[in-house]
Each structure stands twice: as structure tokens, then as C-alpha cells.
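Let's take a friendly walk through a protein model together. Have a look at the fold first, and then we will follow a few residues one by one.

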Amino acid sequence: FWSNEIKLIFQECNLNSLYEMNCPFELKFVVSNISEKFKNDQTIYLSTECAEKPKLRTFILFKEFYETPSYILKPLSFHQRRMTAKTRLGCLPIRLETARYSIPRLPENERFCLVCKAFNNPSQNPLFDHIETEVHFLFSCSAYRSERDDWLRKLTLPLNFDKMTVGNKLKLVLNDPSNVKPTAQFIAKAYDIRSKILN
């Protein structure tokens with residue numbers, strides 16, 4: 001019966017005494033407690049699930065599961081918002097992602113950045129091999145050096161930014177509300193450059 005389900009919900013939220021009293025209660029207080037409990041449970045579940053997915057290895061470095069992502073709240077263009085979301089979720093169509101569908105399927109350690117090769121003239125430097133990950137795309141790829149320099153100048157960063165861990169760098173550029181818009185602009189611009197180089 002539905003009453004058993006309600007009882008279980010109250011028990012899960014440590015409100016079983018309130019249920020058993022069988023008298024009126026403050027509805028807003030109870031709904032707020034239940035919502036908070038379920039939200040926390042869902043957050044723990046999602047963080048555990050994400051930690052077990054190899055494809056989300058970059059995502060879990062910066063994801064703050066208890067907060068709404070800043071880029072959702074910022075006035076970004078549709079293209080900027082979409083490219084930021086793809087970068088965050090590990091589905092930006094860069095080599096790490098697209099080479100998994102090649103035939104034969106390329107191992108991860110061979111999904112080299114084709115943009116670096118094209119930009120740096122592989123005939124002059126055939127060993128210019130870097131795996132094209134989101135981190136490489138954001139912080140390393142030489143094809144976007146000028147755009148990256150402009151982007152980093154616009155950000156609010158500590159003096160030791162270059163020495164920070166990759167996870168902390170990602171948190172600053174992808175989560176910090178003051179950095180989200182310039183980061184979205186850089187991602188969209190860099191990916192447009194990438195498309196032109198490869199096409």
C-alpha cells in the first residue's frame with residue numbers, strides 16, 4: 001500500500017517518530033528534510049558511479065557534485081554552452097574520443113593530436129606526438145597558443161597556477177564563476193581553429 005511507501009520514506013529520513021505520532025506536522029519542514037536527504041543520497045550515488053567509469057576520469061577531477069555548475073548560470077551563447085558541456089563531460093570530439101570509433105580501434109596511448117602534427121609540420125618534427133585529451137586541448141596544444149595566452153590573461157588565477165595539479169587547474173577554469181565565460185569563449189574558438197586545421 002501507498003502508506004507503507006510513505007512510512008519507508010519517513011524512516012529513511014529519520015522522521016519515523018513524526019510518522020508514528022499520527023498527528024498534524026509542519027509540511028514545509030518535512031518536505032525540506034526529505035528533499036535534502038534524497039538530494040544528498042543522489043549526490044553520493046552519482047559521485048560513486050562516476051568514479052567507476054573510466055571515460056569520466058577527467059570529469060571527476062573537477063566536478064563538484066554538491067553544487068550547480070557555474071556555466072549553466074552564465075549568459076553564454078548556445079555554441080559556447082554546448083562546447084563547454086562537451087569538454088566537461090568528456091565527449092568533445094577530439095582524438096581521445098573519436099579514435100575509439102576508428103577501424104581498427106586505436107588504443108588510447110596512440111590517439112595522438114593531429115592538430116599538433118599539422119600545426120608543427122610533421123616532416124620537420126615527426127616525433128611531435130601528444131595524446132589529444134581535454135587537458136591537452138585546454139592547456140598544451142600548440143595550435144592554440146596565442147588564443148590560450150589571451151584566455152589565461154582574462155582569468156582570475158593564483159600566481160602559482162602553473163604549478164598546480166591538473167585537477168585544481170580544471171576546477172579553476174571550469175568551475176570558478178568568474179572564469180567560466182572566458183573559458184567557454186576559448187573552448188569554442190580553439191575548437192573552430194582545430195576544425196579549420198583538420199579540414
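**Starting from F137**

Leaving aside residues up to four places away in sequence, F137 touches L92, I94, Y144, R148, F186, I187, A190, Y191 and R194, where contact means heavy atoms within 4.5 Å. Keep in mind that this is a predicted model, in which local features need pLDDT of at least 70, side-chain atom pairs count only at pLDDT 80 or more, and totals for chains, interfaces and linings use all residues. Residues are numbered from 1 along each chain as its sequence is written, and side-chain values use heavy atoms, with hydrogens and water left out.

F137 also belongs to the largest nonpolar core, which has 29 residues. Such a core is a set of buried Ala, Val, Leu, Ile, Met, Phe, Trp, Tyr and Cys residues joined through side-chain atoms within 4.5 Å; buried means under 20% relative accessible area, exposed over 50%, and partly exposed in between (1.4 Å probe, protein chains only). Its largest share, five residues, comes from α12. Helices are DSSP runs (H or I, at least four residues), numbered from the N terminus.

A second, separate core of six residues includes F10, L18, V30 and I34.

Now, where does E132 lie? You will find E132 in the loop between α8 (114-119) and α9 (134-139). E132 is buried, with a relative accessible area of 1%. A polar atom of its side chain lies 2.7 Å from the backbone nitrogen of R95. Not counting residues up to four places away in sequence, the residues that E132 touches include I94, F112, Y144 and R194.

Technical notes: Helices (H or I, at least four residues) and strands (E, at least two) are DSSP runs, numbered from the N terminus. A polar contact is a pair of N or O atoms within 3.5 Å; within protein, one must be able to donate a hydrogen and the other to accept it, and residues adjacent in sequence count only if both atoms are side-chain atoms.
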